[in-house]
Amino acid sequence: MKKVTHKLYKDYPNQPYISPDRDLVKWEEYPETFPYSKVEIKQMETVEDDLLPGDIIMLWRISLNTFTNETEFPNYFEYKYGINGDESLQKIFDKGYARVCSASESLESVSMVVLKRIFKHRKLSTTGKKQDLIQRALGNIPEEELVKEFNLRIYRITHEGNALLDKHFDIVKKHGPKM
């Protein structure tokens with residue numbers, strides 16, 4: 001895929017990501033219709049280990065334990081931080097700051113409907129609370145079979161990722177989460 005660049009960012013240390021789907025003419029003429037008018041230069045300055053502030057925000061999102069392979073990236077990754085969510089996530093995984101959980105580790109995020117379907121296929125009891133079903137699945141269904149049953153995978157931050165996030169928590173504070 002061809003990388004989209006813009007003259008507005010010619011003096012930036014790193015070029016912000018611009019989606020090939022973005023209507024650049026509309027963005028230039030009617031910036032108020034977009035969530036952010038332009039990526040600030042400070043968002044494109046490397047903070048450490050080839051990471052940008054947007055990558056730190058991605059790591060923070062993962063640390064909330066709600067980010068999965070089915071989570072859609074908020075538009076602020078592109079418009080405020082100038083990063084491609086998929087590329088940022090891959091960079092974080094490659095550097096060992098986060099990891100993709102196994103199917104058994106991801107059971108907590110699977111819906112009851114899916115859990116019960118898995119159990120019905122195996123003629124196992126579907127009664128009980130979600131935690132009961134998760135424990136029953138862990139005790140009765142091997143990982144290689146769980147992998148085939150659902151695609152949802154949780155992302156988890158690693159010890160190294162937590163240390164990096166602590167080191168750059170000022171970026172998260174500026175992002176504005178409720179703490």
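1. Asn65 sits in the loop between H2 and helix H3 (76–79). Helices are DSSP runs of H or I with at least four residues, strands are E runs of at least two, and both are numbered from the N terminus. Phi of Asn65 is positive, about 60°, although the residue is not a glycine. Most residues other than glycine have a negative phi. Asn65 counts as partly exposed because its relative accessibility is 40%. The cut-offs are buried under 20% relative accessible area, exposed over 50%, and partly exposed in between (1.4 Å probe, protein chains only).

2. This is a predicted model, where local features need pLDDT of at least 70, side-chain atom pairs count only at pLDDT 80 or more, and totals for chains, interfaces and linings use all residues. Residues are numbered from 1 along each chain as its sequence is written, and side-chain values use heavy atoms, with hydrogens and water left out.

3. Asp50 is in the loop between helix H1 (24–29) and helix H2 (53–63). Its phi is also positive, near 65°, and it is not a glycine. Asp50 counts as exposed because its relative accessibility is 51%.

4. The largest nonpolar core has 33 residues, and Ile57, Leu59 and Ile62 have the most contacts inside it. Such a core is a set of buried Ala, Val, Leu, Ile, Met, Phe, Trp, Tyr and Cys residues joined through side-chain atoms within 4.5 Å. H2 supplies the largest share, six residues.

5. Ile57 touches Tyr76, Phe77, Tyr81, Ile171, Val172 and His175, leaving aside residues up to four places away in sequence. Contact means heavy atoms within 4.5 Å. A second, separate core of 14 residues includes Ala103, Ile134, Leu146 and Phe150.
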